[in-house]
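Here is a short briefing on one protein chain. Keep the sequence and the structure in view as you read.

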Amino acid sequence: GGGGARSPGQLDGQEVTNISEVTRSHRLAPFRKKTPLPAHLARATGLTIDSLSFGISIRAAPAPLRMTKVVSIFPRFLIKNELDCSVRLFFEGHTEASMVVHPSEDPLPVHPPLGGSSNGTLPSIYFVDADGERRSSTFSIEPKQGDDAEKRRTFHVRWQAERSSPYRRASLSACAVTVEPIFVQIDIQQTYFAAKDQVPVTDGFFITLREQNFRGAEDSLFHIDNGTPHSFVMQLRGDGPKGHTSARMLGPVDGSKAQAGWPSGLWVHRPHVNASADSDSLYKDLLEFFQDHQCKSRLLSVEIGEALTAQANTVVASFPLRATAVLDQLEEDPLTGKVVMTGTITSTSFVDGFTVTAELVLEGQSVGPDYDLCVVDATNIADASKDGRGDLEAVKNILKDMWRVSSIGGEPLEVSTELRSLQFAKAVERQQEVEFVKAVDMRHCESADGVQHFTLRQTSYSSAPVDLETPVRQGGCMIRLGVPVLSVAWVHRHIEVLAGRVRGLDVRLLRQPSGDMELDASVQHFQVDHFTDGELPVVLNRRFLHINSRWLGKKAFVIKAKWLASSRLIRSVRLDMVPYWVNLEIGVLIRLWDLAESSFTSWKTETRHSAIPLEPPEQPGSPEDSSVAKGGSVWRLMNLVIRDLRLTVMVRSPDIGVVRDNPTARWILKLPTDMPNMDIELQKIELTDRFGSVQQFTGLLKRKFIRNVKYSALRSVVLSYFATVVKGILNALWWLFRGPFDALTVAKESGSPARHPMWWWLLPMVFGSSEGTYRAMADLLGNCVFFVVLVLNTIRQIVLGTPRKRVQSVLDGLVWGVRGFMLDAFYITSLQQLLMQTKLAYQDWGKMWAVIIFMYSFIKLPLGPVLGGLHFVASVCEGLSHILLHEEAQFAPFEPQRLVESESWNPYVELTDGAETTFVPQPAGGVDMGPHTEVPKKWWLFQTQRVIHAIADDDEVMETMRRPVQYALRT
């Protein structure tokens, strides 16, 4: 507030507007401090410089105070320390103020200073340990904006100090020490309250400091370990050709060049440019190795994602190294197979190349069908280079093992001992080059904290390398499940209330010998029916459109997936659905919700009418609760396609009986919300070559779907309610093209071109054009007529404020139109509204308002005949529009309602002699009139009542309509 008493800190006030809107983000500007805060408030206030920042949340109170708005004000940023030591926080550029955060302490507020950076973002924060020896890099606490505001940010900052960790290598007897950096995870999540379902939007954030865990984070950490005696130049490149690039020097395994800036192990922290776990740049880096400082002579280039999807601790890539020798002398022992050669050996590498004279000892090895001659020792090494500054000890380590003779004088090595001796003799005589080659394999593994470890190991280069750690392939198998009809029902008091029906369920799970898994699941027909009071018995059903529709022969739901679990690779996921009808009857939804609240009260942890105490803001769940932190790994999704989903929604406003006991939905009755065909189309979603956990993939799809639904629903509402005629014209033009296209598609898929290669398209074109023209005229006329109905309903709601009886057909519209005309034209409806509204006004607001309402209703009495005529026109037009726009299958239940358990428990079920059960509905007045089995004496009156009943009773009409549609569905 502005005036009145102020807090001890003397803060400026500001006004909060639109408190009633609980779905919008409310924001409070920072409060500037005019005087320093008292000492006893310093710890509770947190880290502050010159202002205080508060978040605000406006939510609906829990039951029974659902109409109450709760306004919560709290510190906008709260920080918590989950490290094993205390840290001291600072704002960048403000060292005069700091705050110590202890482990396991309650979260403390953090108030960024005013001003911030030049681009308007919040100033950065850094922290030091209690002794001041380690200082973190600065990081921003700026939350995400827009649709990603609720998404968690997880990244890491590095401490300046470093610790040493020993790593034992197989080729060394001692421990070589590498330098490992220390990182701290920064987790920023949106604040929530105890009643989380009642809080759609909050403007508060928790900042948590944790030990490093790169799984699912926005950044990544790579460790490259060189287990060879060679030196390389390593480069990590990503985010496009002009993106981030880091070139480092990688020294030999013995650490002899570590002092010269060539360590044998490198740690590379990779913050991604787009800073998002959904970014296309995640794990798209290229790891490259070169033999020169200019990074032109490339030895290996591998994408990080390819290594992540390989099996743990296996070879993900390899590259060869070569050396040549000119022999001066050769000795061969025929008994042992050893060869001792002396000559000049040359390596052309720009990093660790050499030219020396040495004596090499070689032994023969047989690998499968191949025969290799490999170097086992190197002695008498002397420098033969021009400058004479070669490192002979390093050259000895390079030459002493793993080299294989690949060719002599440009020809492959002979397997026969006699021919091989002739090759060597010719090479000594003619001074031919002997080429040696070895392979360097790169292995990958992921540690428990998500660090990606890459290790280089040398091996003898063979044409048939054998990986001893490759798992043995298992046999394949297939599981297939077929269900003709499957029903899942919600039963309330032994009576079926809601049912989901599935026809033609087919599931096939295949495991190939290579380990690849394939899933193919399909459903021929899927439908949801309800059996509560309502006009539309079907909630969800597929659209049949027309007889030549290309959707008729397709499955209602198809999902296909291929993945390789051992490599965490999802090759493809494809989801297809046919167009569907959705009958959104608001009254039915309210009744089902009331039944659910009364049926499942035992599942609730608290009763409906018990108040929930207001709790302070709570910290979001720690990453240990997420699937990634529990040991889940990063998966690679190669391709995911969700085809376009088309829904045609029929909206029905609730009836008076359901809103009488539900004040929340009473206002819907005053709106002309009825809509026969509101089209909602969700655009195709396709993801290609993405990395992340299953939780991240589902979160990304959820955000995309919500964004598409918002856009499509807004467009559909505008076209359906405000531009109905324009919608009819667009649909008519679309049908003129769609009719022939569907007919040609069906004819082509059925094999007509093979039977009639030249004129196969003629008949489908004629029938398709005929069907498309009919559908175009029906859609255009139906939408134009419904626009008239929408206008007339709006006039009736404004004048009378009461809805009219809905109709489903033309005859139904004539019957109820005549009835409505008689009631409105003879002032019966107007007088009822006058008495009821006057009574309500007198009870709620007093005599004065009752008199005003009476006079206003009395003035509207002469409009009765006009309203009666409009009532008749609206009923007939509504019946005509429904006939033109709807389908029979939209209202056909899959199966009749079923009873379960013993009938003796249900007072409304009677037993017959033939064990046949008949459901007897409860009379409205509570008195059982008994079955009408005898024909009354006034038979003509009885026949007239039967005719009226057959025309006006919706259940009778639906029963006669259901039989032919059900036969078509089954066949």
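**Strands, sheets and a helix pair**

Ala-60 has Lys-69 in β5 as its bridge partner. This is a predicted model, in which local features need pLDDT of at least 70, side-chain atom pairs count only at pLDDT 80 or more, and totals for chains, interfaces and linings use all residues. Residues are numbered from 1 along each chain as its sequence is written, and side-chain values use heavy atoms, with hydrogens and water left out. Helices (H or I, at least four residues) and strands (E, at least two) are DSSP runs, numbered from the N terminus.

**Strands β4 and β5**
- Strand β4 covers residues 54–60, and strand β5 covers residues 69–75.
- The two run antiparallel and are joined by 7 bridges. Two strands pair if DSSP finds at least two bridges between them.
- In β4, 6 of the 7 residues are buried, so the strand is largely enclosed by the rest of the structure. Buried means under 20% relative accessible area, exposed means over 50%, and partly exposed lies in between (1.4 Å probe, protein chains only).

**Strands β6 and β13**
- Strand β6 (residues 77–81) runs parallel to β13, with 5 bridges between them.
- Phe-77 has Phe-205 in β13 as its bridge partner.
- β13 (residues 205–211) is mostly covered, with 6 of its 7 residues buried.

**The β8-β7-β10 sheet**
- This open sheet has 3 strands in the order β8-β7-β10, with antiparallel pairing.
- β8 (94–101) and β10 (125–129) stand at the edges with a single partner strand each, so one side of each has no neighbour in the sheet.
- From one strand to the next, the twist averages 30°.
- Strand β7 (residues 87–91) is joined to β10 by 5 bridges.
- Arg-88 stands opposite Val-128 in β10.

**Helices α8 and α10**
- The axes of α8 (residues 724–749) and α10 (residues 762–799) come within 7 Å and cross at roughly 160°. Axes are lines fitted to C-alpha atoms, for helices over the stretch in contact, and angles run from 0 to 180 degrees between N-to-C directions.
- That angle makes α8 roughly antiparallel to α10 (over 145 degrees counts as roughly antiparallel).
- Their contact residues divide into 17 nonpolar, 9 polar and 3 charged. Ala, Val, Leu, Ile, Met, Phe, Trp, Tyr, Cys and Pro count as nonpolar, Asp, Glu, Lys and Arg as charged, and the others, Gly among them, as polar.

**Arg-27**
- Arg-27 lies in the segment before β1 (31–32).
- Arg-27 counts as partly exposed because its relative accessibility is 47%.
- Arg-27 and Asp-203 are 176 residues apart along the chain, yet their C-alpha atoms are separated by 6.7 Å.

Terms used: Parallel < 35°, antiparallel > 145°, perpendicular 65-115°, else oblique.
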